[in-house]
Amino acid sequence: MQAALISEFERMGMERAGVHAPAYLRLRRAIRRSVESGVIEPGQALPSEREMARQLSLSRVTVRKAIAGLVEDGLLMQRHGAGTFVAERIIKPLSRLTSFTEDLRARGLNPRVVFLSREVGEVTPEEAMALNLSPGASVVRLHRLRFAGDDPLAVERTAVPHDILSDPMRVAESLYDALEAQGQRPVRALQRLRAVNLTAEPARQLKLPVGAAGLALERRAFLANGRLVEFTQSYYRGDAYDFVAELQAE
């Protein structure tokens with residue numbers, strides 16, 4: 001594994017995009033590609049910072065910076081006293097506003113979506129309150145089952161104001177990609193997360209027994225001008241996802 005990682009790092013330096021890239025970015029890309037290609041598998045430990053620095057002729061500060069970015073992305077996880085490992089579970093940092101698709105791609109996984117419904121309809125009282133819309137307003141609704149490869153990981157119900165997203169068919173896979181294409185990507189969000197026991201419908205969709213552990217997530221996302229553009233209610237598999245928040249003392 002170490003030889004393959006060294007080879008990938010050297011190859012990154014030879015590519016045109018890597019000629020002027022800082023060493024920590026080249027190492028970060030080399031580790032990510034090694035994970036995506038299966039050279040480093042989920043649960044496998046990386047060489048120590050000291051060993052990588054020695055083999056790649058880098059400073060430990062550079063190696064540490066490369067690893068820190070991948071830990072933040074959820075691709076790697078660090079265990080105190082044990083080292084750095086490729087994450088076996090999907091780790092979602094709560095400090096960054098990213099889409100499901102972006103989260104999986106960052107980990108080298110293949111995101112896939114199955115639309116259970118896509119429609120335009122009159123706003124419900126719950127949606128009107130969540131999106132600050134008037135009664136009678138129209139919203140686009142997306143009901144999606146989200147996969148990593150063949151494994152269902154989450155089921156989502158999303159409402160977006162119709163004047164923000166005029167056609168639900170514009171969402172091919174990622175809602176945020178569709179909103180960004182229209183200059184309407186949200187820049188911040190409020191999220192509420194709680195542990196639940198899955199009821200019959202989400203359990204069936206996620207291929208889990210009724211009562212299995214799950215995570216219920218509610219998100220309200222905002223544009224830079226403060227307008228609400230997304231109201232999403234999701235159920236995630238409790239055995240596959242970790243949501244992580246960084247806390248700092250004042």
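Student: How many of the ten residues in strand S9 (residues 228-237) are buried?

Tutor: Keep in mind that this is a predicted model, where local features need pLDDT of at least 70, side-chain atom pairs count only at pLDDT 80 or more, and totals for chains, interfaces and linings use all residues. Residues are numbered from 1 along each chain as its sequence is written, and side-chain values use heavy atoms, leaving out hydrogens and water. Buried means under 20% relative accessible area, exposed over 50%, and partly exposed in between (1.4 Å probe, protein chains only), while strands (E, at least two residues) and helices (H or I, at least four) are DSSP runs numbered from the N terminus. S9 is mostly covered, and its number of buried residues is eight.

Student: OK, and how many bridges join S9 to strand S8 (residues 213-222)?

Tutor: Two strands pair if DSSP finds at least two bridges between them. S8 and S9 run antiparallel, and Arg 219 has Thr 232 in S9 as its bridge partner. The bridge count for S8 and S9 is nine.

Student: Which residue in the hairpin of S8 and S9 takes a positive phi?

Tutor: Look at the five residues between the two strands. With phi near 95 degrees, the one to pick is Gly 226.

Student: Which residue in S9 stands opposite Glu 156?

Tutor: Strand S6 (residues 151-161) is joined to S9 by six bridges, in the antiparallel sense. Opposite Glu 156, you'll find Ser 234.

Student: How far apart are the C-alpha atoms of Val 114 and Arg 146?

Tutor: Along the chain, these two are 32 residues apart. Between their C-alpha atoms, the separation is 6.6 Å.

Student: How many residues are in the second, separate core?

Tutor: A nonpolar core is a set of buried Ala, Val, Leu, Ile, Met, Phe, Trp, Tyr and Cys residues joined through side-chain atoms within 4.5 Å. The largest one has 19 residues, with Leu 27, Ile 31, Leu 46, Val 63 and Leu 76 touching the most other members. Helices H1 (2-14), H2 (23-36), H3 (49-56) and H4 (60-73) each supply at least two of its residues. The second, separate core includes Leu 142, Val 160, Leu 165 and Leu 179, and its residue count is 13.
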